[in-house]
Amino acid sequence: MKQSSYENYIEKIVREELDKMYEGNKDLCRCDLCYRDIMTLTLNNLPPMYVSSNVGHIMTMYNLTKDQLHASVVVELLKAIEQVKTSPNH
Ligand SMILES: [Zn+2]
């Protein structure tokens with residue numbers, strides 16, 4: 001398969017933040033299913049942000065700082081985690 005030269009930058013941040021939350025949240029289910037559900041729910045509530053290389057340019061375009069971006073990802077992640085905890089898919 002051809003290696004894609006672009007990625008959803010938001011997805012990258014969501015992965016980073018979710019890993020941190022798994023560390024600080026020991027009662028959170030770590031199975032693939034819950035992980036996927038949390039990722040999907042979170043990503044559905046955030047606008048995708050495709051980047052090829054120049055992330056700084058994208059941020060300027062959206063008028064966002066890296067901190068703001070991470071903050072909105074954390075908000076959506078917490079909502080998704082709450083939802084998956086309340087009704088896990090298994
Ligand atoms: Zn699970």
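Trainee: In this predicted model, is tyrosine 50 buried or exposed, and what makes it count as that?

Mentor: Tyrosine 50 has a relative accessible area of 52%, and since the word exposed is used for values over 50%, tyrosine 50 is called exposed. Tyrosine 6 is exposed as well, with a relative accessible area of 54%.

Trainee: How many aromatic pairs does a search of the whole structure find, and what kind of pair do tyrosine 6 and tyrosine 50 form?

Mentor: The search finds two aromatic pairs. In the pair of tyrosine 6 and tyrosine 50 the ring centres are 6.1 Å apart, which lies within the 6.5 Å limit for pairing, and the planes stand at 75°, which is over the 60 degrees required, so the pair is edge-to-face. Tyrosine 6 belongs to the segment before β1 (7-8) and tyrosine 50 to strand β2 (residues 50-51), so this pair ties together parts that are 44 residues apart in sequence.

Trainee: How do you know whether tyrosine 22 is buried or exposed?

Mentor: Its relative accessibility is 7%, and because buried means under 20%, tyrosine 22 counts as buried. Tyrosine 35, by contrast, has a relative accessible area of 22% and is partly exposed.

Trainee: Which residues coordinate the zinc ion, and what makes the site tetrahedral?

Mentor: The zinc ion is coordinated by Cys29 (SG), Cys31 (SG), Cys34 (SG) and His90 (NE2), at 2.1 to 2.3 Å. The angles among the four donor atoms run from 94 to 120°, and because four donors count as tetrahedral if all angles lie between 85 and 135 degrees, the site is given that name. Cysteine 31 sits in the loop between α1 and α2 and histidine 90 in the segment after α4 (66-86), so the pair ties together parts that are 59 residues apart in sequence.

Key: Residues numbered from 1 in each chain as written. Predicted model: local features only at pLDDT ≥ 70, side-chain atom pairs only at ≥ 80, totals over all residues. Heavy atoms only, no water. Phe/Tyr/Trp six-rings, centres within 6.5 Å; stacked < 30°, edge-to-face > 60°. Helix = DSSP H or I, 4+ residues; strand = E, 2+ residues; numbered from the N terminus. Buried < 20%, exposed > 50% of the residue type's maximum accessible area, 1.4 Å probe, protein only. Donors = N, O, S within 2.8 Å, 3.2 Å for Na, K, Ca; no water. Tetrahedral: all angles 85-135°; square planar, octahedral: opposite > 155°, others 65-115°.
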